[in-house]
Amino acid sequence: MGHGKRGTRGREEARLSETRKNTIVLDQSEILAFCGPRDQKLRLIQDGLRAEIGARGNEIVISGEAAEVERATGIIEDLLMVQRTLGRALSDQQVQMAVREAEPDGGAEGETESLAEVFLDQVPLPTRARRLAPMSRAQKKYLDHIRRSDIVFSTGPAGTGKTYLAVAMAIWHLAEGKVRRIILVRPAVEAGEQLGFLPGDIAAKFDPFVRPLYDALYDMMEPEKVKTYLETGIIEIAPLAFMRGRTLNDAFVILDEGQNTTVAQMKMFLTRLGVSSKAVVTGDITQIDLPPGTLSGLVHAQKVLQDISGIRFMQFTKIDIVRHDLVQKIVLAYERHAGKQTRDDAGRAGRASAQPPRGPQPPRGPQPPRGPQPPRGPSPGRKRSHA
């Protein structure tokens, strides 16, 4: 039986390593939108794979090793389905993310959705007549968690869409009448939450800390609508310290930078949640700015609340970064450097512990007194001066 399995595996490996060519036929009206100017999008797909991809008339021809041709064919067919369903061309970023998601270590663990299912999971933003789509399987899973659970914790590196997608879901809930207000909360760690030392009223004092939240709002809504909602309290942006004693009913509440809360602050925030409300907590536990020795409330919550039904946890990784391509490389470089530094520190500690301890040294006895020293004569070669 063992020999049979090895033989089957060997035949499968041989099949995947053989050369193959596939051809995908498109309508003449969609070939340019799909391939992009000068086949730019095809090159983005080809750069991430070990296959040759080119357009000939209204056909896309893929050649190379069978395994790579199968991957490229699957990506192109999924992207074609999305383009045909939406009736518009896909962005370069969507194409790049599709290639990344098709990598062996890409995508959220245990998720089997096709790329078409991911990109077609649209979040309507009616105030600007546009829709926002997840860019990865992990982002789709995150949106599903928010839809199905009342409290969601989202952690991961910068650029994975933790806050941006949460704000999009908050706006959708508000537009659909599922909540009556949006409350965006952030700890002001740099000022110790004692904002009186900064000039201006509370909005001016807190503005530097919440600028990313404003950016997300203005990116998804008309500026006049954002201004009106802020003035009427439909959208509220406030320091975490101002949540104490409140009950938040019919609200979509987002706590951003949750890694910079203490355990007491996190407990206080979570227990503000009232009826018909949702809460999303975002943060990056590798960027904790609390004083040394202070336990992060986000780290603590991940351990304490893990098994509570109705609370979901989403962990993004560097693979899910959807900002500029260099951001993913920067995060990876810092992780490698931190890992090397940890190994170097461990090596130095190991070498130090391997040194045999020095035994007690015998006390130094009294030194004999020095006798009178003869007067020092003139140095050789120097002439004595005469007054």
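A: What follows looks at strand β6 and one of its residues, and then turns to the rest of the chain.

The model is predicted, and the values below are computed from it. In this model the chain comes to 13 helices and 11 strands, and strand β6 covers residues 151-155. Five of the five residues of β6 are buried, so the strand is largely enclosed by the rest of the structure. In a regular strand the side chains alternate between the two faces of the sheet. In β6 both of these faces are covered, with I151, F153 and T155 buried on one side and V152 and S154 buried on the other.

The neighbouring strands can be named as well. Strand β10, residues 278-283, runs parallel to β6 and is joined to it by five bridges, and within this pairing F153 stands opposite V281. Strand β11, residues 311-315, also runs parallel to β6 and is likewise joined to it by five bridges, and here I151 is the residue that stands opposite I311.

T155 lies in strand β6 and deserves a look of its own. T155 counts as buried because its relative accessibility is 3%, where the cut-off for buried is under 20%. The side chain of T155 makes a polar contact of 2.7 Å with the side chain of Q315, and Q315 falls within the residue range of strand β11, 311-315. Leaving aside residues up to four places away in sequence, T155 touches K162, G283, L298, Q302, M314, Q315 and F316. Among these partners, G283 falls within the range of β10, 278-283, whereas K162 falls within helix α8, which spans 162-175.

Rolling a probe the size of a water molecule over the atoms shows where empty space is left. A search of the whole structure finds one cavity of 30 Å³ or more, and the largest cavity holds about 30 Å³ of space. The residues that line the largest cavity are A33, F34, K41, Q83, L90 and V95.

K140 sits in helix α7, residues 137-148, and counts as buried with a relative accessible area of 12%. The side chains of K140 and D121 are joined by a polar contact of 3.2 Å, and, with residues up to four places away in sequence left out, K140 touches E113, E117, V118, D121 and P134.

For the chain as a whole, 40% of the 387 residues count as buried. The chain exposes about 22500 Å², of which carbon and sulfur atoms supply 52%. Among contacts between residues at least 6 apart in sequence, 70% join residues at least 24 apart.

Technical notes: Residues are numbered from 1 along each chain as its sequence is written. This is a predicted model: local features need pLDDT of at least 70, side-chain atom pairs count only at pLDDT 80 or more; totals for chains, interfaces and linings use all residues. Side-chain values use heavy atoms; hydrogens and water are left out. Helices (H or I, at least four residues) and strands (E, at least two) are DSSP runs, numbered from the N terminus. Buried means under 20% relative accessible area, exposed over 50%, partly exposed in between (1.4 Å probe, protein chains only). A polar contact is a pair of N or O atoms within 3.5 Å; within protein, one must be able to donate a hydrogen and the other to accept it, and residues adjacent in sequence count only if both atoms are side-chain atoms. Contact means heavy atoms within 4.5 Å. Two strands pair if DSSP finds at least two bridges between them. Accessible areas come from the Shrake-Rupley method with a 1.4 Å probe; for residues, only the protein chains shown count as cover. On a 1 Å grid over the protein atoms alone, a cavity is a set of points where a 1.4 Å probe fits but cannot get out, and a pocket is an open set with protein on both sides within 12 Å along at least five of seven lines; lining residues have an atom within 4 Å of a point. Grid points are joined across faces, edges and corners, and a volume is the space filled by probe spheres set on the points.
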